[in-house]
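Open the structure in your viewer and keep the selection tool at hand. The stops below are meant to be taken in order.

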Amino acid sequence: MSSILEVLTTALGADAVLPPERVADRANSYWDPSPMRAAALVRPRSTAELSRLMQICHERGQPVVTQGGLTGCVEGATTDASSVVISLERMTAIEDIDSVGRTATVQAGVVLQRLQEAVREQGLMFPVDLGARGSCTVGGNVATNAGGINVIRYGMMRSRVLGLEAVLADGTVISSMNHMLKNNAGYDLKQLFIGSEGTLGVVTRVVVRLEELPVSRNTAMVALASFGHVTGLLKRLQQSLGGQLSAYEVMWGDYFREVTAPGWHRAPMEREHAYYVVLEAEGANPGADREQFEAVMAQALEEGLVADAVIPQSDTERRALWEIRENFSALYQRKPIFLYDVSLPIREMEAYIAAVQQRLKQRWPNSRCDVIGHIGDGNLHLFVHPGCEGEGQHEQSDVEVYAPLEPIGGSISAEHGIGTEKRGKLGISRSADEIALMHVLKRSLDPKGILNPGKVLETA
């Protein structure tokens, strides 16, 4: 029998199929620079080519792994020497921008930042935004139900997708390219694929909702003395800004001090405060919006709700503030380090972080736990450094981070997905009946288990 590499090369052409030695020229991911392993990496140019690829792999029971920008944090696109990797790097067309209906139709390989820039030229905005915007793809954002910094106002990827097209495990093309906000005709099939991490089908094209480009944007970084002040300011801004608040990003003081240490970001204010927040409001009246924004901030300072504040006077200054929140390279100088993405009620956050840090200190006295998060939507990111070396540290750290979530109804994943890293912990956040139903869906759509095998669910 011909090898899968030979069959795919014959069917799709030599330029579409990379052999193992060329696959090894690529890194496993943004987080893991070691050479990628695969039986082949295939770069289809169309949905039809991808359909043919999946037909071949289905007939042979060949496992496939779909990859986007490889910026995911849960090992959701890992491969081995037997995998066929699907990359949609050639499917990058922005097919249509409807400025009246405020939609964009794009192929799944489009990089998020390119979509944002394209719609901005027409006075529109695609509001899903995250630090990996220059690398992550729209298809990857759909597959992981990406969130980011604007969820508090605009929602996660699920709320931005109107329609999509996907190729199933056997090559069947499901085209549900709906452009309407309201369509209640039967099951909403697109929801099967959003957040499924490539385990139920391969997303190829997407119709996304756009927004009018805001005319005004006001940004600030503030320092706060307590978590009560953090939540108090959030409530004040939501009340006072009339729905304009689009981002409210919290940084625990230890994180801020670490990333603004000498040689890293310049600190725009004193570094001894307990909490820092980068916040942003967007509106339609530049003069009035700025006046209102500054008045609210001045009142918060006068009342002692805010200890200190910086309002940037240029886009360069604004980007410098956001870099403190988004660029945490300083933390990765400590090895090993484990990144977590959890969701929980805002009222539980302060006690939860204190409990996690206490548990980590009991296990590793020299450990660090630096924290940031999209607090307005209940999402925190933890960076855990044990402060020592040892076997099984990641699994031990998982216990300390996840155990306090269960009694408060928290989630082990807010926006990064499950992948293989969190697969064994899924039961913390989902009931046995829910997981059983997930297996039913998986078997129905992928009976041979070839789509991203071993991700999200334990192999049956």
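Predicted model: local features only at pLDDT ≥ 70, side-chain atom pairs only at ≥ 80, totals over all residues.

Residues are numbered from 1 along each chain as its sequence is written, and side-chain values use heavy atoms, with hydrogens and water left out.

Next, colour D289, F293, V296, M297 and A300, the buried residues of α11 (buried means under 20% relative accessible area, exposed over 50%, partly exposed in between, with a 1.4 Å probe and protein chains only). Looking down the axis of α11, these buried residues fall within an arc of 95 degrees, taken from the directions from the axis to the C-beta atoms, so they line one face of the helix. On the other side, E291 and E302 are exposed.

Now turn to the salt bridges (a side-chain nitrogen of Lys or Arg within 4 Å of a carboxyl oxygen of Asp or Glu); the count comes to 30. Select D15 and R90, whose side chains meet in one at 3.4 Å, N to O. D15 is in the loop between α1 and β1 and R90 in the loop between β4 and β5, so the pair ties together parts 75 residues apart in sequence.

Move to R325 and E249, with closest N and O atoms 2.9 Å apart. R325 is in helix α12 and E249 in strand β13, and both residues are buried.

Finish with D129, R133, R319, E323 and E326, which are linked in a network of salt bridges.

Definitions and conventions
Helix = DSSP H or I, 4+ residues; strand = E, 2+ residues; numbered from the N terminus.
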